[in-house]
Every structure is written in structure tokens, then in C-alpha cells.
Amino acid sequence: MTTPTRESHQPSDMAAGIEIPGFRGECIYSGLPAYDEARAVWNGTVDRRPRVIARCTDTGDVAAAVCFARDRDLEIAVRGGGHNVAGTAVCDDGIVIDLSAMRAVSVDRVGRVAHVQGGALWGDVDHETQVHGLATPGGIVSHTGVGGLTLGGGIGWLMRKHGLAVDNLLEAEVVTAEGAVIRTSADEHPDLFWALRGGGGNFGVVTSFRFALHPVGPTVLAGPVFWAAADTADVLRFYRDIVADAPDELGTIVRLGTIPPLPVVGEDLHYRPAIAVASCFAGPVGDGERAVRALREFGTPLVDLVGPTSYVDHQSGMDDTVPHGWHYYWKATDLAGLSDDVIDVVVEYAYRARSPRSYAAMFHLGGAVARVAPDATAYPGRDAEHHATVGAAEAAWAREFFDALQPNRAGVYVNFLDADDDDRRVREAYGDRTYRTLAGVKQKYDPDNVFHHNKNIQPGRSP
Ligand SMILES: Cc1cc2nc3c(=O)[nH]c(=O)nc-3n(C[C@H](O)[C@H](O)[C@H](O)COP(=O)(O)OP(=O)(O)OC[C@H]3O[C@@H](n4cnc5c(N)ncnc54)[C@H](O)[C@@H]3O)c2cc1C
């Protein structure tokens with residue numbers, strides 16, 4: 001057995017009676033001061049106690065941890081940014097393959113490619129790529145992990161112009177269930193590469209990603225406009241018409257809830273029930289001004305925070321509204337469109353939540369997302385117009401809202417599924433055809449379902 005090279009880890013490793021051969025990272029066990037922080041994830045309702053958290057420093061550590069877990073039949077969870085609302089990044093009693101120390105990002109400015117380690121957060125990527133005035137489509141909160149978000153699809157401000165995160169993925173390095181390290185791209189293991197682009201963490205541990213970069217910013221026109229909750233129906237109908245013809249550069253998200261107590265908002269407006277349409281224009285600021293003018297002039301906004309801003313600041317502008325450790329519960333669905341029926345449901349339910357922390361959000365899709373063929377990647381929801389999530393501090397309200405949307409539902413984004421969303425909802429997320437193809441790839445790369453602490457694809461025969 002290999003002795004861990006970092007002496008400081010030996011006593012606790014020995015005390016726990018576990019040594020991971022060939023592992024050079026940090027092993028964190030119950031009883032160590034770091035244990036509680038290391039097992040905590042973004043959603044404070046998740047309270048799991050792994051036997052060991054293997055904080056990896058490199059691909060070799062990940063391979064060592066996978067082999068170790070397999071040899072002992074240990075449950076495996078993989079932690080990227082720890083943001084998944086269902087808490088799949090941690091498990092009880094097993095091993096967490098923790099990538100949080102693997103956050104390096106490097107940029108090839110000329111080739112317009114970013115090389116990103118598997119535990120990086122989107123803030124790490126934006127920080128490094130924006131130095132060169134470049135960006136790749138990621139999420140809208142900078143403390144979300146690249147790993148989980150990308151493997152599920154990856155929606156955000158830039159997607160209508162530049163596609164989903166998976167549409168910009170060029171290559172990935174993967175540690176398989178066998179502990180082998182392989183590269184995958186359109187040319188190498190193309191079946192695996194297809195499955196990684198939407199199929200989640202089912203096929204191995206991704207230790208690094210290569211993403212295509214695009215010129216963005218560094219200054220973009222962005223920000224939210226808030227209207228009183230009473231104006232919701234009118235705003236949504238107007239919004240529906242505006243976004244139907246919006247240029248690809250215009251990314252928008254509707255947020256229904258209360259106005260967050262942001263320093264830039266007057267205190268008299270804090271926690272006031274309101275609808276917000278937030279925008280980010282991935283093009284020249286002047287063009288952005290023109291694209292959002294009608295929206296900004298609609299009705300009587302309570303506050304208009306749209307303006308030229310640094311892309312990095314915009315990407316982290318919502319971070320404080322969804323901090324780590326609060327208790328969250330989500331219900332999610334895709335919507336084929338914003339019909340009058342949907343708007344009626346939204347008006348009726350959106351403001352019934354008791355907690356000011358509760359909100360609903362709707363991402364506008366289309367553009368480059370819809371132009372990729374549905375079977376080109378394992379992300380199937382390309383024809384949905386909007387992804388909706390109800391992010392709640394009170395589960396009952398989220399469920400009622402979701403149930404009321406039932407007649408208008410059209411699939412779901414796998415990354416928005418919560419812990420009580422069962423196998424049926426995973427199948428709903430992929431649809432039969434994509435699910436069956438994923439099951440075939442799973443059978444080839446992980447026939448024993450070693451990686452099952454996730455939104456699981458059961459190994460099966462290819463169609
Ligand atoms: C506040 C907030 C904002 C969000 N905003 C967006 C958004 O704008 N767009 C969007 O698309 N989604 C968004 N999401 C959803 C997000 O995509 C998922 O929560 C995603 O799982 C987060 O990835 P993570 O690495 O942080 O998660 P983790 O909890 O660390 O991982 C979730 C699962 O992903 C897998 N995984 C993670 N990293 C790896 C890896 N390197 N290799 C193999 N498997 C891995 C594992 O199966 C793991 O169980 C948001 C979530 C939150 C909480």
C-alpha cells in the first residue's frame with residue numbers, strides 16, 4: 001500500500017483506518033475540524049455523513065480514489081461545485097470524490113480555448129477568460145460548479161448567441177468506472193462525448209474540460225428592471241411578444257418574488273413583491289440599448305438597473321440572493337411557451353409564497369440552443385421556449401405552483417431536479433429516445449452503475 005505523501009494527513013488517515021493507495025490529496029473524516037465544512041453543500045437541507053471525503057489534487061488522485069472505492073464496494077459521490085439542489089455531491093457512509101481543490105483555468109487566447117479543471121466554479125472561468133475579453137456560456141451564479149452544470153447541459157445569459165455549455169465543449173478528460181483515464185471529443189470516444197453533453201455525472205469523473213471561447217464584453221449592457229407584482233400579467237404578455245423577435249444576443253430571465261435587498265436598490269423597495277426581467281446583451285452596448293429600450297419603457301418600473309456593466313460583475317450580481325446554507329427546495333418544468341394560461345397560473349401562484357427567499361425564475365431559450373439538432377447531444381430540451389424553476393424556502397408552495405402548471409408542462413431540465421424527483425422525472429428530462437441511447441453508453445462505460453449517486457441513467461441496451 002502506498003503511504004500518503006503529505007505527512008500531515010497520516011495520523012487522521014491512520015486513525016480512520018483508511019489509506020487510499022496512490023492518493024496525494026487530503027482525506028477528511030468525521031472528527032477532523034474540516035469535516036463539517038467539507039460535507040456541507042449549497043443546499044442547507046442536505047446533511048449527509050460520508051465515511052471519507054477524498055479531496056483530490058489531480059487526475060491521479062481521482063483515479064486512485066475511484067479504484068479504492070470500487071475495491072471496497074464503497075458508495076461514490078462526485079463533488080464539483082456542490083451546487084446541485086438534490087445534494088448528489090455527498091453521500092452517507094461512502095466516499096466523496098471532491099474536486100474542489102481542482103479549480104485551475106488556463107486560456108489559449110489565440111486559439112480561443114479555455115482549459116478548465118473539473119472542480120472549477122463559473123466565477124473562476126469568467127475571471128480568467130474575461131482578462132482577454134472572452135467568455136464561454138456558463139451559469140448565472142458565479143459560485144455554481146462548472147462540472148455539474150456543464151454535464152447537464154448548461155443554460156445561461158450567452159446561450160441564445162453562443163449555445164449551451166455543452167455546445168461549447170470541445171474535449172474532456174474522464175476517469176472511468178475502471179479507474180482508466182481517457183480523453184473524449186468528437187474524434188475520440190465520440191459515444192462518450194455525446195453522452196457527457198447532457199447525461200450528467202453518469203459516465204465517469206471529468207477531471208478537465210476544454211471549452212470554445214467567444215468575444216464578450218468586458219462591458220455588456222445588462223441588469224434587471226422590476227415592476228410591481230400587480231403588473232405581472234401585463235409585463236409577461238409584453239415580454240412574450242418582445243422575446244419572440246429578440247436578437248440572439250439578448251438573454252433574458254424573468255424572476256418572480258420579492259425585490260432582493262441589494263445595495264443598489266432603495267431600502268423602501270426591499271422585499272417588495274415584484275416581477276423582474278433581467279437582461280444581458282452579448283454584443284455592443286449600443287445595440288443592447290436598442291434591444292431593451294421597449295422593455296425598459298414599458299409600464300411603470302419600480303426600479304431599472306439596466307446599464308453598461310462588466311460581464312464579470314453581472315455574472316456575480318445574483319450570488320448573494322442565493323447564498324450557501326439556506327434551505328432550498330425546487331420544482332422545475334420546461335414550458336413550450338408563455339401562453340395566456342401559463343400567465344394566469346403565474347399571476348395566481350407566484351406571490352403566494354410566505355418567505356421572501358422564495359422565487360420563481362424563467363429562462364428564455366431559443367436562438368442558438370434551438371438550432372442544434374435534438375440528437376446531436378444528450379441535451380434534448382432544445383425546442384422548449386422557457387425553463388421554469390420554482391426555488392422555494394417552503395416546499396408546499398413550490399409543489400402547488402408546479403401542479404398548477406401541469407397542463408402546460410413540456411419536459412424538464414435535468415439540472416433543476418430535486419431529491420424527490422424520481423426516476424420517472426429523469427426519464428421525462430431526457431425523453432425515451434435520448435434515455436435509451438444514454439443507457440447504452442452507460443452499459444459500455446459503467447455497466448455496474450458505479451456512478452449512481454446522481455440523476456441516474458440505468459445501464460441498458462442501446463436502441
Ligand atoms: C444558485 C444556483 C444557480 C444555478 N444556475 C444555473 C444556471 O444558470 N444554469 C444552469 O444550467 N444550471 C444552473 N444551476 C443548476 C446547476 O446546473 C446544477 O445544480 C449543477 O448540478 C451544479 O453543478 P455543481 O458542479 O456545482 O454541482 P455538484 O453538486 O457538485 O454536482 C452535481 C452532480 O454533478 C456531477 N458532477 C459534478 N462535477 C462533476 C465532474 N467534474 N465529473 C463528473 N461528474 C460531476 C455529479 O454527478 C454530481 O452529483 C444552478 C444551481 C444553483 C444552486
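Mentor: Gladly! Keep in mind that this is a predicted model. Let us begin with an open sheet of 4 strands, whose order is S1-S2-S4-S3 and whose pairing is mixed.

Trainee: What makes S1 and S3 edge strands?

Mentor: Count the partners. Strand S1 (26–28) and strand S3 (76–79) each have a single partner strand, so one side of each has no neighbour in the sheet. From one strand to the next, the twist averages 20°.

Trainee: How do you know that S3 and S4 count as paired?

Mentor: Two strands pair if there are at least two bridges between them. S3 and strand S4 (residues 95–98) have 4 bridges, in the parallel sense, so by that cut-off they are paired. As an example, Ile76 has Ile95 in S4 as its bridge partner.

Trainee: Which helix packs on this sheet, and which strands are touched?

Mentor: Helix H3 (residues 59–71) does, touching strand S2 (52–55), S3 and S4. The direction of H3 makes about 165° with that of S4. In the loop between H3 and S3 you will find Asp73, which has a positive phi of about 55° although Asp73 is not a glycine.

Trainee: What is the strand order in the open sheet of 5 strands, and what is the pairing?

Mentor: The order is S5-S6-S10-S8-S9, and the pairing is antiparallel. Strand S5 (105–108) and strand S9 (181–185) are the edge strands, as each pairs on one side only. The twist here averages 15° from one strand to the next.

Trainee: How do you know that S8 and S9 are paired, and in which sense do they run?

Mentor: The same test applies: at least two bridges are needed. Strand S8 (residues 169–175) is joined to S9 by 5 bridges, and the two run antiparallel. One of the residues to look at is Val174, whose bridge partner in S9 is Ile182. Helix H4 (residues 122–129) packs on this sheet and touches S5, strand S6 (113–117) and strand S10 (205–212). Its direction makes about 35° with that of S5.

Trainee: Now the helices. Why are H11 and H13 called roughly antiparallel?

Mentor: Look at the angle. Helix H11 (residues 340–349) and helix H13 (residues 395–405) pack at about 160°, with their axes 9 Å apart. Angles over 145 degrees count as roughly antiparallel, and therefore H11 and H13 are described that way. H11 passes H13 in a right-handed crossing.

Trainee: Which residues make the contact?

Mentor: From H11 come Val342, Val345, Val346 and Tyr349, while H13 brings Trp397, Glu400, Phe401, Ala404 and Leu405. By class, the contact of H11 with H13 has 8 nonpolar, no polar and 1 charged residues.

Trainee: Why is the pair of Trp42 and Tyr328 called stacked?

Mentor: There are two tests. Ring centres must lie within 6.5 Å to pair, and planes under 30 degrees apart count as stacked. For Trp42 and Tyr328 the centres are 3.8 Å apart and the planes are at 15°, so the pair is stacked. This pair links distant parts of the chain, 286 residues apart: Trp42 is in the loop between helix H2 (35–39) and S2, and Tyr328 in the loop between helix H10 (311–316) and strand S17 (329–335). The structure holds 12 aromatic pairs.

Trainee: Where is the cis peptide bond, and what is its omega?

Mentor: The cis bond joins Gly217 and Pro218, with omega about 5°. Pro218 is found in the loop between strand S11 (214–215) and strand S12 (219–228).

Notes. Residues numbered from 1 in each chain as written. Predicted model: local features only at pLDDT ≥ 70, side-chain atom pairs only at ≥ 80, totals over all residues. Heavy atoms only, no water. Axes fitted to C-alpha atoms, helices over the stretch in contact; angles between N-to-C directions. Parallel < 35°, antiparallel > 145°, perpendicular 65-115°, else oblique. Left-handed = near helix turned anticlockwise from the far one by under 90°. Contact = heavy atoms within 4.5 Å. Nonpolar A, V, L, I, M, F, W, Y, C, P; charged D, E, K, R; others polar. Phe/Tyr/Trp six-rings, centres within 6.5 Å; stacked < 30°, edge-to-face > 60°.
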